[in-house]
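Please look at the sequence and the structure before reading on.

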Amino acid sequence: MRLAEQLKDVLTVQEVILKYGFELNYRNAMCCPFHNEKTASLIVHKNNKSWKCYGCGEGGTVIDFVMKLYNINFGQACIRLNSDFNLGFTDERPNQAEIRRRRAQDFRKRQQDKRVRQEYDSLAEEHRRLLWTLSNMALTNGRTSRGVRGLKLLIITTNNRTTRRTSRGVRGVK
C-alpha cells in the first residue's frame, strides 16, 4: 500500500488539526488558517477524512491540509505527517519477484476455489439424482393390488424450490 493511502487510512482530519494547534468548535468547524475571517467556515466532515472551507473554497484530505498549511508539496507533506505522528510507514514498493509470487499465489487460490466449486456441484447433482431415484422407489413400493396402501410422502429440495412428491402426484410447496 502506498504511503499516502496508509496515512489517509490511519489519520483523521480532527487529529491533524489538533496536533498542529487548532481547535474545532462543537459543530466540527473552525476559523480557516488560510485566509482572514471572524467566523468559523472550515468544516470537518462527519466521515472525519475530509475538510472544506466555505470561505476560500479550499478542501481535501489530511495531506491536503498539511500541504496548504506549510506550503509544501505532496511528498513532503506525507513525510511530515509520517514523522510528526511517529507512524513509521515506508513507501517501499514490492519488487518484481514479490509481485510474481503474489500473482502465482492468487492464481493457485482461484484454481483451488474453482476445483472445490466443481466438486461441490458434482456432489450436489449426484445427491439430487439419488433423491429422485429414492422418491420414485417410494412411490412404486406404496402401490398394492387394491390401490395405494398408504400415502408415502417425500420432500425434495432442488434449486431453492421445494416439491412434495406423493403417490398421487407432484405439487409445489411454498
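Which residue lies over the face of Tyr54? Lys52 does, at 5.7 Å from the ring centre. The model is predicted, and the points below are grouped by topic.

**Charges over rings**
- The ring of Tyr54 has Lys52 over its face.
- Arg80 lies over the face of Tyr70, 3.7 Å from the ring centre.

**Aromatic pairs**
- Across the whole structure, a search finds five aromatic pairs.
- One of them joins Phe34 and Phe65, whose ring centres are 5.7 Å apart. Their planes are at 65 degrees, so this pair is edge-to-face, the class for angles over 60.
- Phe34 is in the loop between strand 1 (29–30) and strand 2 (42–44), while Phe65 is in helix 3 (residues 62–70), so the pair ties together parts 31 residues apart in sequence.
- Phe65 also pairs edge-to-face with Trp51, at 5.5 Å centre to centre and 90 degrees between the planes.
- Trp51 belongs to strand 3 (residues 51–53) and Phe65 to helix 3, so this pair ties together parts that are 14 residues apart in sequence.
- Phe22, Phe34, Trp51 and Phe65 make up one aromatic cluster.

**Burial of the ring residues**
- Phe34 has a relative accessible area of 19% and is buried, because the cut-off is under 20%.
- Phe65 is buried at 1% relative accessibility, and Trp51 is buried too.

**Cysteines**
- The structure has zero disulfides.
- Cys32 is in no disulfide, and the nearest cysteine sulfur, that of Cys53, is 3.5 Å away.
- Cys32 is buried at 4% relative accessibility, and Cys78 is buried at 3%.

Notes:
Residues are numbered from 1 along each chain as its sequence is written. This is a predicted model: local features need pLDDT of at least 70, side-chain atom pairs count only at pLDDT 80 or more; totals for chains, interfaces and linings use all residues. Side-chain values use heavy atoms; hydrogens and water are left out. A disulfide is a pair of cysteine sulfur atoms within 2.5 Å. Buried means under 20% relative accessible area, exposed over 50%, partly exposed in between (1.4 Å probe, protein chains only). Rings of Phe, Tyr and Trp (its six-membered ring) pair if their centres lie within 6.5 Å; planes under 30 degrees apart count as stacked, over 60 as edge-to-face and the rest as tilted. Helices (H or I, at least four residues) and strands (E, at least two) are DSSP runs, numbered from the N terminus. A charge sits over a ring if NZ of Lys or CZ of Arg is within 6 Å of the ring centre and within 35 degrees of the ring normal.
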